[in-house]
Amino acid sequence: MTAVVHQQREVRRARYAVAAVFAVHGSVTGSFATRVPWIQDHASVSAGQLGLALAFPALGASLAMPLAGGISHRFGARTALRGLLALWTLSLVLPALAPNLPVLCLALFVYGASSGMADVAMNALGVEVENRLGRSIMSGLHGMWSGGALVGSAAGTLAAHLGVDARLHHVLAAGVLTVLGLVACTWVLDLQPAEDEEPPPRFALPPRSALLIGAVGFCAVFAEGASLDWSAVYLRHQLETSAGLAAACTTGFTLTMAVARIAGDRVVDRYGSVRTVRAGGLLAVVGGLLVVLAGHPAVAMGGFALMGLGIAVVVPLCFAAAGRSGPNPSQAIAGVATITYTSGLVAPSAIGGLAQATSLVVSFGLVTVLACGLAVFAGVLRAGDRDRPKITAPDAAVPGPRA
């Protein structure tokens, strides 16, 4: 019994530690996003050049994420996360130092690559903690990421308001977040590969199970990216609202997603991943229809809020399902993450291109159709949705170490 109590304490401590890691990861993103205008002016790039540069983080992440599994296998999960998270927090400094477009693109490529590898490592550990607890925590972990992003954004907004040089701001932020991340990593699970376990390939295509799960994540992230980047434009130009009301719509969408993620674990534990995603998909479809048919700003804002509520927990559940879908969780999670990052890269430009050819109404009609995919294909998340081992008794088996 003493051993079981010790295991329970270790897993609970690991849960809080990995939640802190998610918050630190999100804070870096929030810190960067608020200083993009300063970085644009410092590098002397046009709006079109900035758009090109901002594609490089997703490109770097997509190429680097498959490497995370091999790094975890070689060094162990805790050491790998510690190094990758520190690389990510310190990379925050690079974009603000870029004097021109080529250097900015290179800096953002490194920034994205380190983000993606740390993302895979922390999600793999989050899935392992969830498996050992026997209840859903992935939605809450991603809620912590959103909370961290909001904190980073608030600090960045204050720095920008005070006219603080972004280089100084990001050096200070990177220093603080690196220390916080290293401290948090002290208590995450120290998973080591079994002696006879073959190392994963240095670079491999996503397994088939990850492709199916990733397709569901693709639909959710497409709707998220479209709403984040185009909801304000939709209200401002399609419904002719004020700039302030248009901005409030985007803020409301973000807050809806954060709150839904934090509260989502209880829903998942009660109804399961499949029914939760199906219900979320239906909410997203209703929200999309309200946006498309809206004749008044309030209706469109309600539609975007429903979309945020419907898609909020999908990506965390995709990562959780990927981590339980095969013998190599890191490789499966990397595959799903690569697909979802690609969706986030494609969505804003696809919406803009379709709107240029037709209208924003048609663009969000496409978003609504993709949201239907959440309800139709939610069944692929069933892998491991039941019978997760929970440490409650001396004979409760703890899953073996996995890299």
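Close-up 1. The side chains of Glu128 and Arg132 form a salt bridge with an N to O distance of 3.0 Å; a salt bridge is a side-chain nitrogen of Lys or Arg within 4 Å of a carboxyl oxygen of Asp or Glu. The model is predicted: local features need pLDDT of at least 70, side-chain atom pairs count only at pLDDT 80 or more, and totals for chains, interfaces and linings use all residues. Residues are numbered from 1 along each chain as its sequence is written, and side-chain values use heavy atoms, with hydrogens and water left out. Glu128 and Arg132 both belong to helix α8, four residues apart, or about one turn of the helix. Helices (H or I, at least four residues) and strands (E, at least two) are DSSP runs, numbered from the N terminus. Glu128 and Arg132 are both buried, where buried means under 20% relative accessible area, exposed over 50%, and partly exposed in between (1.4 Å probe, protein chains only). The structure holds four salt bridges.

**Close-up 2. The salt bridge between Arg324 and Glu130.** Side chains of opposite charge can pair when their charged atoms come close. The side chains of Arg324 and Glu130 meet at 2.7 Å, N to O, in a salt bridge. This pair links distant parts of the chain, 194 residues apart: Arg324 is in the loop between α14 (314-323) and α15 (329-357), and Glu130 is in helix α8. Arg324 and Glu130 are both buried.

**Close-up 3. The salt bridge between Glu224 and Arg261.** In this salt bridge, the closest N and O atoms of Glu224 and Arg261 are 4.0 Å apart. Glu224 lies in helix α11 and Arg261 in helix α12, so the pair ties together parts that are 37 residues apart in sequence. Both residues, Glu224 and Arg261, are buried.

**Close-up 4. The nonpolar surface patch of Leu94, Leu97, Leu106 and Val110.** These four residues, Leu94, Leu97, Leu106 and Val110, make up a nonpolar patch on the surface, and together have about 330 Å² of accessible area. The elements giving two or more residues to the patch are α7 (93-97) and α8 (101-133). Patches consist of residues with over 30% relative accessible area and no salt bridge; like charges are joined within 9 Å, and nonpolar side chains (Val, Leu, Ile, Met, Phe, Trp, Tyr) within 5 Å. Accessible areas come from the Shrake-Rupley method with a 1.4 Å probe, and for residues only the protein chains shown count as cover. Val110 lies in helix α8 and is partly exposed, with a relative accessible area of 33%.

**Close-up 5. Packing of helix α4 against helix α8.** Two packed helices are described by the angle between their axes and the distance between the axes. Helix α4 (residues 56-64) packs with α8 at an angle of about 45 degrees, and their axes are 6 Å apart. That makes α4 oblique to α8. Axes are lines fitted to C-alpha atoms, for helices over the stretch in contact, and angles run from 0 to 180 degrees between N-to-C directions. Angles under 35 degrees count as roughly parallel, over 145 as roughly antiparallel, 65 to 115 as roughly perpendicular and the rest as oblique. The crossing of α4 past α8 is right-handed; a crossing is right-handed if the near helix is turned clockwise from the far one by less than a right angle, and left-handed if anticlockwise.

**Close-up 6. Packing of helix α5 against helix α6.** Helix α5 (residues 68-75) and helix α6 (residues 77-91) cross at roughly 125 degrees, and their axes come within 7 Å. With that angle, α5 is oblique to α6. The crossing of α5 past α6 is right-handed.

Close-up 7. Ser44 is not a glycine, yet has a positive phi of about 55 degrees. Ser44 lies in the loop between α2 (36-43) and α3 (47-53) and is exposed, at 60% relative accessibility. Glu240, also not a glycine, has a positive phi of about 55 degrees. Glu240 is found in the loop between α11 (208-238) and α12 (243-293); at a relative accessible area of 68%, Glu240 is exposed.

Close-up 8. Val24, in helix α1 (residues 2-33), is buried at 6% relative accessibility. Ala312 lies in the loop between α13 (297-311) and α14 and is buried at 0% relative accessibility. Ala312 and Ala220 are 92 residues apart along the chain, and their C-alpha atoms are separated by 8.1 Å.
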